Amino acid sequence: MRKLQQINNNYADYYYLTEEGTIYNSKTNKYIKPCSNNLFKLKTIEGNYVKISLKNLYKLVFNKCYVIDNIEDLSGEHWKPIE
């Protein structure tokens, strides 16, 4: 099972974000797909819909940069975070 983190931050309380970068709507029991330009259309607590990128949403919820790292490490290669 994927670990879900409630989005909050002025968005409706039924939106959740996974560490893998998928958005779940507990009201409809479905994962949300991005609309045009890879933006997600989410409802705010005021009832308005706003578009937000996954990168910005991930930073808002997890305070981390969202990246897809599908490059295999070379033998003996070590990675470290940089500021």
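Me: In what sense do β1 and β2 pair?
Reply: Strand β1, which covers residues 4–6, pairs with β2 in the antiparallel sense over 3 bridges, and two strands are said to pair if DSSP finds at least two bridges between them.

Me: And β2 with β3, over how many bridges?
Reply: β2 and strand β3 (residues 23–25) pair over 3 bridges in the antiparallel sense, with Tyr16 standing opposite Tyr24 in β3. In the hairpin that β2 and β3 form there are 4 residues between the strands, and Gly21 takes a positive phi near 95°.

Me: New topic: which residues touch the most other members of the largest nonpolar core?
Reply: That core has 16 residues, and Ile7, Tyr11, Tyr15, Leu17, Ile23, Leu42 and Leu57 touch the most other members. A nonpolar core is a set of buried Ala, Val, Leu, Ile, Met, Phe, Trp, Tyr and Cys residues joined through side-chain atoms within 4.5 Å, and buried means under 20% relative accessible area with a 1.4 Å probe, counting protein chains only.

Me: Which element gives the most to this core?
Reply: The helix α1 does, with 5 residues, a helix being a DSSP run of H or I with at least four residues. β2 (15–18), β5 (39–43) and α1 (54–62) each supply at least two residues of the core.

Me: What is Leu57 in contact with, leaving aside its neighbours within four places in sequence?
Reply: Leu57 is then in contact with Ile7, Tyr11, Leu17, Ile23, Leu42 and Ile52, where contact means heavy atoms within 4.5 Å.

Me: Zooming out, how do the elements run from the N terminus on?
Reply: They run β-β-β-β-β-β-α, which is 1 helix and 6 strands. The protein is more spread out than a compact globule, because its radius of gyration is 15 Å, well over the 12 Å that the globule rule gives for 83 residues; the radius is taken over C-alpha atoms, and the rule is 2.2 Å times the number of residues to the power 0.38.

Me: What should I know about the numbering and the cut-offs behind this?
Reply: Residues are numbered from 1 along each chain as its sequence is written, and side-chain values use heavy atoms, leaving out hydrogens and water. As the model is predicted, local features need pLDDT of at least 70 and side-chain atom pairs count only at pLDDT 80 or more, whereas totals for chains, interfaces and linings use all residues.

How values were computed: Buried < 20%, exposed > 50% of the residue type's maximum accessible area, 1.4 Å probe, protein only.
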